[in-house]
Amino acid sequence: MLPTGAHGTWPSPIDAALAASHDGRPEYVGTVGDEVWWTEPRPAEAGRRALIRRRADGSADSVLPAPWNVRSRVIEYGGRPWAGTGRAEGGPLIVFVHFADQRLYAYAPDGPGEPWPLTPVSAVGGGLRWADPQLHPDRGEVWCVLEEFTGEGPTDLRRVIAAVPLDGSAADDRAAVRELTDDSSRFVTGPKLSPDGRKAAWIAWDHPRMPWDGTEVMLADVAEDGTFHRPRSFAGGPEESVPQIEWGTDGQLLFASDHSGWWNLYRADPDRGAVALCPRQQEFAGPLWKIGLSWFRPLDNGLIATIHGKGTTTLGILDPQTGELVDVAGPWTEWAETLAVHGSRVIGVAASPYSAYEVVELDTATGRTRVIGSPHKDPVDPAYYPRPEERTFTGPEGREIHAHIYPPRSPDRAGPEDERPPYVVWAHGGPTGHAALVLDLEIAYFTSRGIGVAEVNYGGSTGYGRTYRNRLREQWGVVDVEDCAAVAAALADEGTADRRRLAIRGGSAGGWTTAASLTGTDVYACGTIIYPILDLTGWGTDETHDFESRYLESLVGPLAEVPDRYRERSPISRTDRLATPFLLLQGLDDPICPPVQCERFLTALDGRGIPHAYLTFEGEGHGFRRADTMIRALEAELSLYAQTFGIDRTDVPRLELKK
């Protein structure tokens, strides 16, 4: 029989350093010849992204030493930052974006030299940035998205598809970059070249739409000299989201669209138009938060590897002729939005509630799956991991609310029979995003100590169709707040959680929901607000980056038409209603949710006597990546809950709460 301990006091081997060391996941898988490559986080190396090469013998290593950081800043959230090709002589050729200067570099990893720059530096605004490269060595070029600042403001920029010479001639000469499109579209993805090389397709959209609202598939003829002719809209529209396109081996264009209300797969038939390949009330794609994400890939034999599901996802192989879909076997319940294919092999990144994201290979010829990179290794006894429950709650007006509930769990302690545990509601970012059902040591950090976690996929979340996603239209700060509160209240009503010890936390849009909840409800005893939006009017004018600069038109409404709504919903306008302690965490180099929002909020709160702490971090942007930052932030969060909930803990530094 386990010894009894008050919830929140349990000992745990999962400390903040361990959680920080396992933060992040592999991204952007691809093949170079017979090899598999991807990027991987390095929290202990100032949060850089390393480029990993898995050789044919199964060994894997980082291609570039620190401080090389393979990460793009296009639309600030970035996009696919590398591409590679095998060569008959001299080994592979790689092109990649280096985060520090955002230049595009080329590198022959088996050669004697260092990476050489392909693009110049611009001193205007945020400079020149590149993403989603497509290598065309026969043309001696790499085609990619160019984001070019034309002034000092965050929205003073243009985006085009451009061709960069591989010989380095453009490294000091902007004029050597060949633009393939004009800047008539505000946003573009990298071009996909048809198998015969005669057509190029890409995705484009314009303000005020976000890519999950409406995008267009653009098609152009490619001349012998590589120029684009007759660009025209081919599919999609203002109320149809197409987040990915691919050419099939037969020369037909495949794309994902939510025309039916769900992101399904289609084939562009010249006679019948868009032909649904496997119509289901499931998602076969997701929101295009980064340029170059992929949820499906065609195989050489005409089949299609595709990630799909509702809430959770799996990898399947689709026969587009019959609509038959066969899912792969394995423990994984979530596949990240990155896929690559080579011959009969499919490579992706997958996780489960009991394993972190790892690089997985499926051999479609045998049906065999295996982990080939970033393998999950339990750093502690898995008995300290929570066992999550997928649940659906009922919210206002009877609407469904999806959530993952992580009860406290430890092999060392059990809670007293007469005590209900404290719970922290986690609000995900986006808000057009999704909380995945995967092992997260930050969650286990709390649950192994006796504090429950409830991840809420509130109305507006992806993974449940367009109708669910559209619940947040002009209702941000209402539906998200109500849904989180409904889950918290339901857990208390059923006796799962202690009603007096409920907290809420979130980052970015989740930080907004947290702050809006603390200033708009009396459900929570405290909250952790991480790089948040706090002032809609400021954020909706000139206090954020271009990509989301008009996002609020759909989330709240046009500012010119509903200015009162912007003021009334903003936490900065409701500091008089704030009555609970809070922790505010902010990166000082954040271009998306800048520190000025936090500073203005604290000024408005001055003199109210509300216990709070404000921690800032040099060198951190939107999303913490450095191990030392994550350790300090996580320990501060636990200290806030311990102080608020009356829990005695001496294993973390005491957070100083000011009034």
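## Lining of the second largest pocket

The lining of the second largest pocket divides into 20 nonpolar, 15 polar and six charged residues. Here Asp, Glu, Lys and Arg count as charged, Ala, Val, Leu, Ile, Met, Phe, Trp, Tyr, Cys and Pro as nonpolar, and the others, Gly among them, as polar. The model is predicted: local features need pLDDT of at least 70, side-chain atom pairs pLDDT 80 or more, while totals for chains, interfaces and linings use all residues. Numbering runs from 1 along each chain as its sequence is written, and side-chain values use heavy atoms, without hydrogens and water.

The pocket's volume is about 1200 Å³. A pocket is an open set of points on a 1 Å grid where a 1.4 Å probe fits, with protein on both sides within 12 Å along at least five of seven lines; lining residues have an atom within 4 Å of a point. Strand β9 gives the largest share of the lining, five residues. Strands are DSSP runs (E, at least two residues), numbered from the N terminus.

## Aromatic pairs

There are 25 aromatic pairs. Rings of Phe, Tyr and Trp (its six-membered ring) pair if their centres lie within 6.5 Å; planes under 30 degrees apart are stacked, over 60 edge-to-face, the rest tilted.

Trp 68 and Tyr 105 pair edge-to-face, at 5.1 Å centre to centre and 80° between the planes. Both Trp 68 and Tyr 105 are buried, meaning under 20% relative accessible area with a 1.4 Å probe, protein chains only. Phe 255 and Tyr 266 are stacked, at 5.7 Å and 20°. Phe 255 is in strand β19, Tyr 266 in strand β20.

How values were computed: Grid points are joined across faces, edges and corners, and a volume is the space filled by probe spheres set on the points. Helices (H or I, at least four residues) and strands (E, at least two) are DSSP runs, numbered from the N terminus. Buried means under 20% relative accessible area, exposed over 50%, partly exposed in between (1.4 Å probe, protein chains only).
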